[in-house]
2 protein chains.
Amino acid sequence: MNIAFDMMGGDYAPEEVVKGIRDYLAHQPSPAFVSLIGDIHILEPLVAQYALPAKAFKIIPSTQVIGMHEHPLKALKEKKHSSIAIGFHLLATGKVDAFISAGNTGAMLVGSLYTIKPIEGIQRPTIATIVPRENGKTGLLLDVGANADCKAEHLNQFAVLGSLYAKHILGIENPRVGLINIGEEEGKGNVLAQATYPLLKANPQINFVGNIEGRDIFMDSADVMVCEGFTGNIILKLAESLHEVIERQKIKNEYFDRFNFEDYGGTPVLGVNKPVIIGHGISHSKAYLNMLLLTQKMIETRLLEKMSESFRNV
Amino acid sequence: MNIAFDMMGGDYAPEEVVKGIRDYLAHQPSPAFVSLIGDIHILEPLVAQYALPAKAFKIIPSTQVIGMHEHPLKALKEKKHSSIAIGFHLLATGKVDAFISAGNTGAMLVGSLYTIKPIEGIQRPTIATIVPRENGKTGLLLDVGANADCKAEHLNQFAVLGSLYAKHILGIENPRVGLINIGEEEGKGNVLAQATYPLLKANPQINFVGNIEGRDIFMDSADVMVCEGFTGNIILKLAESLHEVIERQKIKNEYFDRFNFEDYGGTPVLGVNKPVIIGHGISHSKAYLNMLLLTQKMIETRLLEKMSESFRNV
């Protein structure tokens with residue numbers, strides 16, 4: 001198993017990435033081989049400083065970086081020697097088994113869609129986030145921003161992708177799917193939600209439990225919560241900001257501690273042919289460590305093959 | 001000034017409504033006259049028990065109640081003797097100056113739209129909620145559920161209505177308007193947000209400060225936050241649930257105390273010709289007291305006349 005890491009992606013890269021990889025190699029009993037893509041002049045002293053074991057990794061030199069605010073499609077086309085472009089090339093050509101970056105999110109999505117490509121039958125790949133619940137469980141929310149405008153069938157596919165992720169990665173048997181909506185009864189909501197409800201209800205691949213509302217998001221009402229990427233992204237960013245509010249208010253609380261995104265690593269791009277993980281720009285070593293653990297689990301559970309099978313059978 | 005109150009609306013009505021009115025009459029130096037619409041057999045002993053001063057109120061008997069789960073339009077048509085139908089009739093015919101209810105929200109919206117009617121020039125009346133900020137200020141979020149699907153021009157009108165409310169009711173001079181979106185730069189977002197941005201930017205009646213994201217909602221990034229009613233309602237319900245989470249987690253914190261909706265009373269229907277206030281179904285006396293204070297302020301500041309003037313000048 002060979003996981004490629006964009007060493008130049010994120011506000012605290014590459015040092016925090018190196019630290020995250022060090023922790024992964026030290027604590028994981030059978031770690032993957034890690035391909036470090038980045039500026040060799042910066043990386044060589046860092047891997048020495050943090051004493052990464054020589055057999056566990058290889059540096060793959062890149063000479064360009066895609067900035068956080070560059071136009072994704074343009075940057076990927078023009079910067080062939082950037083760490084992100086090289087990562088996607090390695091993944092597409094089978095040289096590595098997965099690619100992780102906390103760099104330009106748009107470029108990561110564009111690379112996933114155009115270089116790795118959607119699984120056959122999937123119209124819109126999606127990104128998801130973990131939502132902690134008071135009872136200790138975790139929920140999955142998707143889409144959280146890859147698809148700002150959606151059709152009902154897209155949400156129906158998100159429900160299947162989210163259910164498979166919840167089952168195989170989060171270990172939830174027969175995950176309950178809820179449609180995020182403004183009202184509990186069938187027929188409520190905006191045009192999209194009204195059109196989506198009957199599709200989810202009729203979908204034999206999921207365990208649909210009906211509409212859920214804003215107040216259900218932190219409750220244990222559904223394991224997989226489905227919405228378009230506009231609403232999902234607003235919820236995601238609001239939930240992330242809560243963790244900061246709680247810290248600023250000097251509140252010590254176990255539940256709100258679990259709102260720290262670093263505990264969950266990054267968000268996988270669900271619905272493309274190979275494992276791609278996008279990290280948060282402000283990731284530290286803990287987040288990078290968790291991105292690696294998540295990626296390894298995605299490979300070990302053969303999650304993408306299961307997604308592919310699901311959509312072959314439809 | 002004569003404010004009509006639906007005494008049968010809300011889970012703890014009519015007793016908590018009577019208590020709220022008692023507190024209002026006791027503490028407000030120049031209170032409005034209150035018209036109590038409800039079951040006279042229940043109300044008479046209650047107003048005696050709580051010793052409402054005889055000169056301050058009048059009971060207007062109603063013999064029907066619209067339940068929380070009844071179909072709004074059907075119920076309003078069929079139940080002419082319900083407290084909500086009578087309230088709208090009194091308001092439309094000028095017998096009272098405002099109408100408050102914590103009953104069926106849908107019926108309150110339908111009555112506002114069809115009996116009281118939108119202010120000329122306003123396409124979609126809206127409902128708003130207060131969002132507390134860490135720095136002690138308050139923001140205004142709208143629409144929070146009256147309009148699940150919107151066009152750009154609707155959001156542009158919400159921005160004007162919200163700005164007038166923020167100025168006259170919340171006392172914010174030159175309120176900053178933010179467009180809720182998934183990205184900071186112009187051009188980001190879903191189709192609706194992309195279409196709305198240039199309208200807000202070109203609107204001379206508002207102080208537009210650009211896009212705001214999910215993480216800005218609890219921050220002091222904008223005074224008036226504009227979105228369609230689907231996203232707004234999800235945010236509202238999520239924020240309300242936070243107050244419950246904080247209570248369950250036994251966290252004592254001044255900032256999160258301010259998430260108690262009872263402090264703000266109810267939500268006014270903005271953009272109709274007369275003051276209509278909708279309360280939360282689980283309101284207690286404090287919320288009813290605050291609904292009365294808010295209504296009196298809306299009348300005293302001539303808020304609706306100012307809204308009407310704004311749309312005459314466009």
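Predicted model: local features only at pLDDT ≥ 70, side-chain atom pairs only at ≥ 80, totals over all residues.
1. Two residues are taken to be in contact if their C-beta atoms, placed from the backbone, lie within 7 Å. With that in mind, A56(B) touches L25(B), P31(B), F33(B) and V34(B), leaving aside residues up to four places away in sequence.

2. Where does A56(B) sit along its chain? A56(B) belongs to the loop between α2 (40-49) and β3 (57-61) of chain B. One of the residues that A56(B) touches is F33(B), and these two, although 23 residues apart in sequence, are 5.3 Å apart in space when taken from C-alpha to C-alpha. A56(B) has 16 other C-beta atoms within 10 Å, and it therefore counts as partly exposed, since that class lies between the 12 or fewer of an exposed residue and the 20 or more of a buried one.

3. A51(B) is also placed in the loop between α2 and β3 of chain B. Is A51(B) buried or exposed? Because A51(B) has 10 C-beta neighbours inside 10 Å, it counts as exposed. The C-alpha atoms of A51(B) and K19(B) are 9.8 Å apart in space, while the two residues are 32 apart in sequence.

4. Turning to chain A as a whole, the reader will find 11 helices and 11 strands. The radius of gyration of chain A is 19 Å, close to the 20 Å that the globule rule gives for 314 residues, so chain A is as compact as a globular protein of that length. Along its principal axes the C-alpha trace of chain A spans about 60 × 45 × 35 Å, and 56% of the 314 residues count as buried. Among the contacts in chain A between residues at least 6 apart in sequence, 71% join residues that are at least 24 apart.

5. Within chain A, helix α6 (residues 152-168) and helix α11 (residues 303-312) have axes that come within 10 Å and cross at roughly 145 degrees, and α6(A) passes α11(A) in a right-handed crossing. In this contact V160(A), L161(A), L164(A), Y165(A) and H168(A) of α6(A) meet L303(A), K306(A), M307(A) and S310(A) of α11(A). By class, the residues of this contact are 6 nonpolar, 2 polar and 1 charged.

6. Between the chains, 30 residues of chain A are in contact with 30 residues of chain B. Which element gives the largest share of the side of chain A that touches chain B? Helix α8 (residues 229-248) of chain A does, with 12 residues. That side of chain A as a whole divides into 14 nonpolar, 9 polar and 7 charged residues.

7. α8(A) packs against helix α8 (residues 229-248) of chain B at an angle of about 30 degrees, with the two axes 10 Å apart. The two helices are therefore roughly parallel to each other, as angles under 35 degrees are counted in that way, and α8(A) passes α8(B) in a right-handed crossing. The residues that meet are F230(A), T231(A), I234(A), I235(A) and L238(A) in α8(A) and F230(B), T231(B), I234(B), I235(B) and L238(B) in α8(B). This contact of α8(A) with α8(B) is made up of 8 nonpolar and 2 polar residues, with no charged residues.

Key: Residues numbered from 1 in each chain as written. Chains lettered and ligands numbered in written order. Helix = DSSP H or I, 4+ residues; strand = E, 2+ residues; numbered from the N terminus. Rg over C-alpha atoms; globule rule 2.2 N^0.38 Å. Nonpolar A, V, L, I, M, F, W, Y, C, P; charged D, E, K, R; others polar. Axes fitted to C-alpha atoms, helices over the stretch in contact; angles between N-to-C directions. Parallel < 35°, antiparallel > 145°, perpendicular 65-115°, else oblique. Left-handed = near helix turned anticlockwise from the far one by under 90°.
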